[in-house]
Amino acid sequence: VLIGDPMYATYEGLIAQSGARMVPVPLRPEHGFRMQAADVEARITPRSRVLFLNTPHNPTGAVLRAEDIRALAEVARAHDLWILSDEVYEEMTFPGVTFTSPLDFADFADRVVVASSISKSHAAPGFRSGWCVGPAEFCERLLPLSETMLFGSQPFISDMTALAVSEPSPVAPGMAERFARRARLIADTLGGTSGLGVHRPEAGMFALVDVRATGLSGLDFATSLLDRHKVAVMPGESFGAGLSGWVRLSLTQPDDRTTLAANRIAAHAARTLGNAA
Ligand SMILES: Cc1ncc(COP(=O)(O)O)c(C=O)c1O
């Protein structure tokens, strides 16, 4: 399974439990963390079966462009790979950014499986409810498998999910707007003065900050920030080796708390840089 690195942390275990082998494909900041077809092509072997996409992406907030997807899908077709696309943040695409799914390309649809859920779009992770779209033959085989795994799911939750996805989410656009605004607040506070780099997300609930200038790993920066300033961020390393020296900030806190946290992060970076000088 070819999959972007960094990645949402649970993928590794999911892939391993199926007996497949995970082959990380680097997602690079200079390409806006968008997966490049050439990077996939370079890692394909005769045993490759699946190209795993995540758009919009956690933790980078990158949204694949139509031309990225076409190039990736061409590679998948040339090597007869399935395309599995996790689109759980689809409705949290920021204003002005266009979301594209591999399912939008009719000529590739016979090899595309899309997975999503109501966890993000309806702020309802506790219901553990989602869905999958794929070719009929694939879904026929998936159904008995999913029945054995999900038989504890309550019918009223399935009915509620079916209703929820039959129309646009009433809450997602508001969340997307707030999260985009907070990503700007963080970039404005940290950009330039702190020595830290902020990668501007195009969707989702997170912003990445590059702390390599401090000389600390993401883990050391996150731990010392928590100890000294009581601000909790995720170390980039928890999303794969490619994100070492970065941290992930949540955009879900109110604006004033987000600004307060960004100021504390800037102060922490300034102090760390001062100590290093
Ligand atoms: C990229 C990605 N996919 C899937 C999920 C899981 O969603 P669910 O709550 O529906 O299992 C998450 C949750 O953080 C995620 O970030």
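I started at Lys230, which sits in the loop between helix H8 (218-229) and strand E9 (234-235). For the labels, helices (H or I, at least four residues) and strands (E, at least two) are DSSP runs, numbered from the N terminus. I looked up phi for Lys230 and got about 55 degrees, a positive value although Lys230 is not a glycine. Its relative accessibility is 63%, so I put Lys230 down as exposed (exposed is over 50% relative accessible area, with a 1.4 Å probe and protein chains only).

Before going on, I noted that this is a predicted model, where local features need pLDDT of at least 70, side-chain atom pairs count only at pLDDT 80 or more, and totals for chains, interfaces and linings use all residues. Residues are numbered from 1 along each chain as its sequence is written, and side-chain values use heavy atoms, with hydrogens and water left out.

Next came Asp80, in the loop between H3 and strand E4 (82-86). Phi of Asp80 is near 50 degrees, positive in a residue other than glycine. I checked accessibility here too: Asp80 is exposed, at a relative accessible area of 57%.

Then I turned to the peptide bonds. Asp5 and Pro6 are joined by a cis bond, with omega about 15 degrees. I placed Pro6 in the loop between strand E1 (2-5) and helix H1 (11-17). From Thr55 to Pro56 the bond is also cis, and omega there is near -15 degrees. Pro56 is in the loop between strand E3 (50-54) and helix H3 (66-78).

Why write these down? Because most residues other than glycine have a negative phi, and most peptide bonds are trans.

Note on methods
Buried means under 20% relative accessible area, exposed over 50%, partly exposed in between (1.4 Å probe, protein chains only).
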